[in-house]
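This briefing is intended for a reader who meets the structure for the first time.

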2 protein chains.
Amino acid sequence: MSHDSDVERTEGDLRNTGMALKHERTWDYELDRIVEAVEERSAKKVGLQFPEGLKRRAGRVADDLRELLPADTNVLISGQPCYGACDLDTYMMRRTDVFVHFGHSPMKESEKIIYVPLFSNVDVTPIMEESLAELSDPDEQEAVGLVTTAQHMNKFDEMRSWLEDRGYAVETRRGDERLTHEGQVLGCNYASADVDADQILYVGGGKFHPLGLAMEHPEKKVIIADPVNNVVKIADTEKFMKQRYGAVHRAMGSEEWGVIFCTKIGQGRWDVAEEIVEENDDAYLLTMDEVTPDRLTNFGFDAYVNTGCPRITTDDGPQFKQPMLTPGEYEIAIGEKPLESLSFDTFHGTW
Amino acid sequence: MSHDSDVERTEGDLRNTGMALKHERTWDYELDRIVEAVEERSAKKVGLQFPEGLKRRAGRVADDLRELLPADTNVLISGQPCYGACDLDTYMMRRTDVFVHFGHSPMKESEKIIYVPLFSNVDVTPIMEESLAELSDPDEQEAVGLVTTAQHMNKFDEMRSWLEDRGYAVETRRGDERLTHEGQVLGCNYASADVDADQILYVGGGKFHPLGLAMEHPEKKVIIADPVNNVVKIADTEKFMKQRYGAVHRAMGSEEWGVIFCTKIGQGRWDVAEEIVEENDDAYLLTMDEVTPDRLTNFGFDAYVNTGCPRITTDDGPQFKQPMLTPGEYEIAIGEKPLESLSFDTFHGTW
């Protein structure tokens, strides 16, 4: 059975992965590369990890691999939650001979891991054409910053040329070492937008990335060209800011704080977590991989500070019974910093 | 602040831990033993892991330890789910100098781990007195098997003497190597009830343990003396069996199966999982630690076989959208075994 034959036009809840199936598409799972690695290493156990939005394809990819691989090869599929590059299934990585992580850029390099990027094949030019209405005329303002997400990275040169053909001076940079590609942004890192331009064109899906981008670069106009949902918008931080101020206010006066240290690769800010606990006798250090409402409820602290993924704090925050703050918001809530200092929580460097 | 001063009369949802706070009680956290281990090993990081039902006490225990330990000691609290001995937080274990697991018997022995049993101080004799109405008269049937759970283990000798004083011949055994104590049962192992007696007295809370006990030993009468909920019952497997037959019937005819291999210590039945996948081209091996409805939903398989904790399959099963079966039930569903062979899934040995 081929994994290409039964692509459905269903639209799953892919908000968190940025991988929508709205457009019919064929992912390139790079099976040849996997088969080659299995042969080279005489691998007996092959582990596959898919983002949530593509887990439904796991059975088909396993079928294809079983056909291509020696009969005594075990194909394992990770059932751990996977929303991003940080969600590397390290248990599976340690216990398989070849471990394939689909859909995200590398967070940790290892000979054993094969990263299959699963680039989107959505055409980005129609939505870029629409975005011109929001971009300044190149005669008035030539410079435009250009950023995108991992799964549109394959079209980055095309995006740049397209803008240059229309008279723009395209400003890009690789960002810091947390980012793999020129012009790439993560939900927790916008260093690649730190360019000499007052307007930034973000080509990609989701609301989390452009919001963080606009928060991190408040002096710039952030134009969202979303080729997946086919919409052009200006990133508006106001509603988001209100939500965050609300959480900070609810957390003020909390007696006891749970301080979450996330154990996932790429999320461990030990110094940040330790400092909070050291300076506050009513703060307690909690370690966990997945941060969910259920896991916090039983502790019964009044409020939580999440030193792990900011997306959990800001996107999922409303699902939690108690207020959950970023480390910066915590400082505001306990009165160490003024309300005006509220900003988006970002990560730099790698772990 | 003492952890003894503010015990509340609240009744939490402690079904899964068997640790109800219905009776006011003082747990002995054995802080001296922890402090001693920290001093011996000059530990800088101390990790604490509590069962769900006692997570609310974590802050108070941390307070007490912070007072007793050198100021530069970091106290970490595990936020991972913890329902039993298998839920050892191995991440925390590897990254702390002293790791304390509260409330369960050892599943894995290590110099670094301190197991604090947290024995219940509930008086067991009143409920044993009541259970006499269900036990045979010792003149007619002398032999009675006696089993209990980890947290009533401290009263085991008292239970035995109490029965002997009333003329019974108390039959006990240690069970297999999965069990730490004479007379102890786990939710997945009832080998200690394999004694020469037609009636078994189970002293303890919960419904899961006695149900498994009755399923595993259908020829014996299983009397439940529950000192926590203060009730005497006869284990009735009928309703449970109906539920399981229902799940098996719903799973029959499923095209694609997800076969869950649980990565927790003590739950990895690799051979069982591998065999199913090898013999069924439409079965796919999924590896995960926590088995939750959310994690399975995205895969979209028609039915699941859980080779991990039987409690998840049988207790939590109804929460899952698709039928989830034990390995034995799977064999019935695919027609390899007759319906009558349905039995409780148990674990033997250690991993």
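In this predicted model, strand E5 (residues 143-148), helix H5 (residues 156-165) and strand E6 (residues 169-171) of chain A form a right-handed β-α-β unit.

- E5(A) is mostly covered, as 6 of its 6 residues are buried.
- A:Ala143, A:Gly145 and A:Val147 point one way from the strand, whereas A:Val144, A:Leu146 and A:Thr148 point the other way.
- E5(A) pairs with E6(A) in the parallel sense over 3 bridges, and A:Ala143 has A:Ala169 as its bridge partner in E6(A).
- E5(A) also runs parallel to strand E7 (residues 199-203) of chain A, to which 4 bridges join it.
- Within E7(A), A:Tyr202 stands opposite A:Val147.

**Helix H5 of chain A**

- The buried residues of H5(A) include A:Phe156, A:Met159, A:Trp162 and A:Leu163. These residues lie on the same side of H5(A), because they cover an arc of only 125° around the axis.
- On that buried side, H5(A) packs against helix H4 (125-131), E5, E6 and E7 of chain A.
- The face turned away from the buried side carries A:Asp157 and A:Asp165, which are exposed.
- A:Gly167, which follows H5(A), has a positive phi, near 95°.

**Relation of chains A and B**

- Chain A is superposed on chain B by a rotation of 180° with 0.0 Å of shift along its axis, at an RMSD of 0.0 Å. The two copies are therefore related as by a two-fold rotation axis.
- Both copies use the same surface, since 100% of the contact residues of chain A recur in chain B.

**Aromatic pairs**

- Over all chains, the structure holds 22 aromatic pairs.
- One of them joins A:Tyr29 and A:Phe102 edge-to-face, at 5.6 Å centre to centre and with 75° between the planes.
- This pair links distant parts of the chain, 73 residues apart: A:Tyr29 lies in the segment before helix H1 (31-40) of chain A, and A:Phe102 lies in strand E3 (residues 98-102) of chain A.
- A:Tyr29 is buried, with a relative accessible area of 2%, and A:Phe102 counts as buried at 0% relative accessibility.
- In chain B, the rings of B:Phe261 and B:Trp270 have centres 5.4 Å apart and planes at 85°, so this pair is edge-to-face. Both B:Phe261 and B:Trp270 are buried.
- A:Tyr190, A:Phe208, A:Phe240 and A:Phe344 are linked by ring pairs into a cluster.

Methods. Residues numbered from 1 in each chain as written. Chains lettered and ligands numbered in written order. Predicted model: local features only at pLDDT ≥ 70, side-chain atom pairs only at ≥ 80, totals over all residues. Heavy atoms only, no water. Buried < 20%, exposed > 50% of the residue type's maximum accessible area, 1.4 Å probe, protein only. Helix = DSSP H or I, 4+ residues; strand = E, 2+ residues; numbered from the N terminus. Pairing = 2+ DSSP bridges. Right-handed = clockwise from strand over helix to strand, strands pointing away. Arc of directions from axis to C-beta. Contact = heavy atoms within 4.5 Å. Least-squares fit on C-alpha atoms with pLDDT ≥ 70 in both. Phe/Tyr/Trp six-rings, centres within 6.5 Å; stacked < 30°, edge-to-face > 60°.
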